[in-house]
Amino acid sequence: MRISKYLITLSLGLFSVGASAWTIYADFDSGELGAKADRLTDGFSGAGGSSLYSNETAIRGNSAKLHIEDGETGYGRWGGEFIFPEKAYRGDSLWYQVHVYFPEGFDHYSYGEGNRLKFLRIQTLSRDNKNRGYLDLYIDKKGSTTPFKWIYEGASKWSNVGNQSDMIIKDRWESYQMQVTLDTVPVSEGGEAEVRLWKNGELLSYITDRATLKTETDYVNRALLFTYWNGGAPKTQSMFADEITITNETPDNFDDRGNPRLPTLVGNPPDTISAITVE
């Protein structure tokens, strides 16, 4: 997991506030094939015990092969987490993108504990470091006409994401991206809390009626990819992840509606990647 960080100074009247802009970038290209892609410079920063460096398929270079055993919920082994170099607070925005590949025959559904599979996740915490719930994109129930659901666990209210044409396609690299602005008051009520979700660079959902923090002193400090299979995995299986980016810096790239988003490496044609700088 490579991290680039630099200082931005904001002038506020007679005062100045220093805020660090940072980017986490995991390309899984430097590790030894077959080794754990966890707690090293180009992979997960934790919870990735069964994620291995692989060259079986990749966006470019190598990728991470994510594995889970039949019946396991997999915490600490399935997927992985990224610890932020600095906490994000009310008023901050975050962009989180992952490229994933589900092979033909991979069963990405949950069959217990709510029957939805945790996918992209950002944890919120209180000032005294107690869990306030996750900002979660889920893969929806098998048989649902909605491919994904989004929820802030602190509010316990679901939002539909996408339609049938946005279902996961097997044997193909796809990108998923979540942008979250942190606030206790949603945009629909005059605040700043909002969520955008993209697949392959196309906006699937813009959520403006949900808070993204419980109290004004809450913060976030990590993002997760999968990490827990609700109800246990339906079988022993593996899939792949590559080119993961998380940042608090507003991207220079935009979608077709003018919203800033990270450039995706899939699509026809793929976006330019000049906006990503890794040090």
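## Thr 181 and its surroundings

Leaving aside residues up to four places away in sequence, Thr 181 touches Gly 91, Asp 92, Ser 93, Glu 192, Ala 193, Glu 194 and Thr 212. Bear in mind as you look around that this is a predicted model.

Where does Thr 181 sit? This threonine is found in strand E11, which covers residues 173-181. Thr 181 counts as buried because its relative accessibility is 4%, and buried means under 20%. Its side chain also has a polar partner: a contact of 3.0 Å joins it to the side chain of Gln 179.

Now let's step back to the whole protein. The fold has 15 strands and zero helices. Among contacts between residues at least 6 apart in sequence, 63% join residues at least 24 apart. The radius of gyration is 18 Å, which agrees with the value near 19 Å that a compact globule of 279 residues would have. Taken along the principal axes, the C-alpha atoms fill a box of roughly 60 × 40 × 40 Å.

Here are some values for the protein as a whole:

| Property | Value |
|---|---|
| Share of buried residues | 54% of 279 residues |
| Accessible surface | about 12,000 Å² |
| Share of that surface from carbon and sulfur atoms | 46% |
| Positive side chains | 29 side chains |
| Negative side chains | 38 side chains |

How far apart do the centres of the positive and negative sets lie? The two centres are 6 Å apart. As for burial, Thr 181 is itself a buried residue, in a protein where buried residues make up 54% of the 279.

Technical notes
Residues numbered from 1 in each chain as written. Predicted model: local features only at pLDDT ≥ 70, side-chain atom pairs only at ≥ 80, totals over all residues. Heavy atoms only, no water. Helix = DSSP H or I, 4+ residues; strand = E, 2+ residues; numbered from the N terminus. Rg over C-alpha atoms; globule rule 2.2 N^0.38 Å. Buried < 20%, exposed > 50% of the residue type's maximum accessible area, 1.4 Å probe, protein only. Contact = heavy atoms within 4.5 Å. Areas by Shrake-Rupley, 256 points an atom, 1.4 Å probe, with all protein chains shown as cover. Lys, Arg positive; Asp, Glu negative; His and termini not counted. Charge placed at Lys NZ, Arg CZ, Asp CG, Glu CD. Polar contact = N/O pair within 3.5 Å; in protein donor to acceptor, adjacent residues only side chain to side chain.
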